[in-house]
Amino acid sequence: MVEVLSTDAIWWSLFTMFTAAGLILAGTVTLIFLYLIYRYRVKGSEDKDELEPGRIYVETPAKGSSRLLLVFTGIIVLSLIVATFDETIYLERTPSEEAFVIWVTGFQFGWQFDYNVDGETITTIGAVVVPSDTVIEFKVTSRDVFHTFGFAEFKVKIDALPGIVNSMWIKTPEEPGEVYKAYCYELCGIGHSLMVADMIVVDKNEFFQAYEAGPQEFRNFINQVISEYRASLQGAP
Ligand SMILES: [Cu+2]
């Protein structure tokens with residue numbers, strides 16, 4: 001299987017690239033600016049007398065230098081465009097045939113998650129359990145108004161619209177144990193800020209063992225993970 005980059009790794013590589021290009025450009029412009037200030041400064045008192053007040057003095061720069069700047073800017077802008085398209089296209093399509101599919105339905109005000117186990121639907125509300133080190137595909141829709149489903153840590157979000165199924169993917173971390181918050185990113189009513197769901201990452205082997213054991217086993221497994229997580233929150237100071 002081809003190694004799948006995580007969505008946040010892709011985001012960070014683009015962010016780093018844009019920041020680096022911005023800093024290089026800003027640095028170059030500042031250096032040229034400082035050089036020109038020095039190069040065309042007014043020297044001594046005799047020079048000053050020759051200058052007419054109110055007149056603008058322009059010295060045409062050498063042809064080669066402006067062409068160089070154009071090429072330099074062109075290279076930076078082009079590489080940003082190419083990298084952005086490349087990575088956006090990668091992000092838009094689920095990169096693995098073996099992605100684990102979870103259906104997500106937004107409603108006023110919460111998130112419903114549905115698993116398909118042997119043709120049977122297992123539903124949870126407000127929490128979703130996912131296997132570690134796996135590509136997860138979320139098929140996202142809404143029951144009422146427009147919502148947006150997303151995870152800040154994975155740098156992804158997607159519209160949840162009634163009557164339409166949108167697809168979004170993430171790659172879960174290699175190690176289990178982490179819990180991530182899914183939020184609604186589109187103001188959808190008075191309870192918008194309450195639209196939070198916990199995504200609990202569990203061990204891949206344990207997860208698929210329960211999944212393959214059938215709907216009843218899987219339902220028990222999911223419910224146990226969620227109730228253990230909620231109990232651990234209540235015990236916390
Ligand atoms: Cu919402």
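Strand 1 and strand 2 form a hairpin with 2 residues between them. Strands here are DSSP runs of E with at least two residues, helices are runs of H or I with at least four residues, and both are numbered from the N terminus. The two strands pair in the antiparallel sense over 5 bridges; pairing requires that DSSP finds at least two bridges between two strands. This is a predicted model, where local features need pLDDT of at least 70, side-chain atom pairs count only at pLDDT 80 or more, and totals for chains, interfaces and linings use all residues. Residues are numbered from 1 along each chain as its sequence is written.

- Within the pairing of strand 1 and strand 2, Trp103 stands opposite Asp114 of strand 2.
- Strand 2 covers residues 110-117 and strand 3 covers residues 120-125. They are antiparallel, with 6 bridges.
- Asn116 faces Thr121, a residue of strand 3.
- The hairpin of strand 2 and strand 3 also has 2 residues between its strands. Asp118 takes a positive phi there, near 50°.
- Strand 1 (residues 100-107) runs parallel to strand 5 (residues 135-142), joined by 7 bridges. Val104 stands opposite Val140 in strand 5.
- Strands of a sheet pair through backbone hydrogen bonds, either parallel or antiparallel.

- An open sheet of 5 strands has the order 4-10-9-6-7. Its pairing is mixed.
- Strand 4 (127-131) and strand 7 (156-160) are the edge strands, and each pairs on one side only.
- From one strand to the next, the twist averages 25°. Axes are lines fitted to C-alpha atoms, for helices over the stretch in contact, and angles run from 0 to 180 degrees between N-to-C directions.
- Strand 9 (residues 179-184) pairs with strand 10 (residues 196-202) in the antiparallel sense, over 5 bridges.
- Lys181 has Asp198 of strand 10 as its bridge partner.

**Val179**

- Val179 is found in strand 9.
- Val179 counts as exposed because it has 12 C-beta neighbours inside 10 Å. The classes rest on other C-beta atoms within 10 Å of a residue's own: 20 or more is buried, 12 or fewer is exposed, and in between is partly exposed, with C-beta atoms placed from the backbone.
- Leaving aside neighbours within four places in sequence, Val179 is in contact with Asp198, Met199, Ile200 and Tyr229. Contact means that the C-beta atoms of two residues, placed from the backbone, lie within 7 Å.
- Val179 and Ile190 are 11 residues apart in sequence. Their C-alpha atoms are 26 Å apart in space.

**Whole chain**

- The chain has 5 helices and 10 strands.
- The domain assignment gives domain 1 (7-92) and domain 2 (100-235). Such bounds come from an automatic or database domain assignment.
- The C-alpha centres of domain 1 and domain 2 lie 46 Å apart.
- Along its principal axes, the C-alpha trace spans about 95 × 45 × 40 Å.
- The radius of gyration of the chain is 28 Å, whereas a compact globule of 237 residues would have one near 18 Å. The radius is taken over C-alpha atoms, and the globule rule is 2.2 Å times the number of residues to the power 0.38.
- Of the 237 residues, 17% count as buried.
- Among contacts in the chain with a separation of 6 or more, residues 24 or more positions apart account for 71%.
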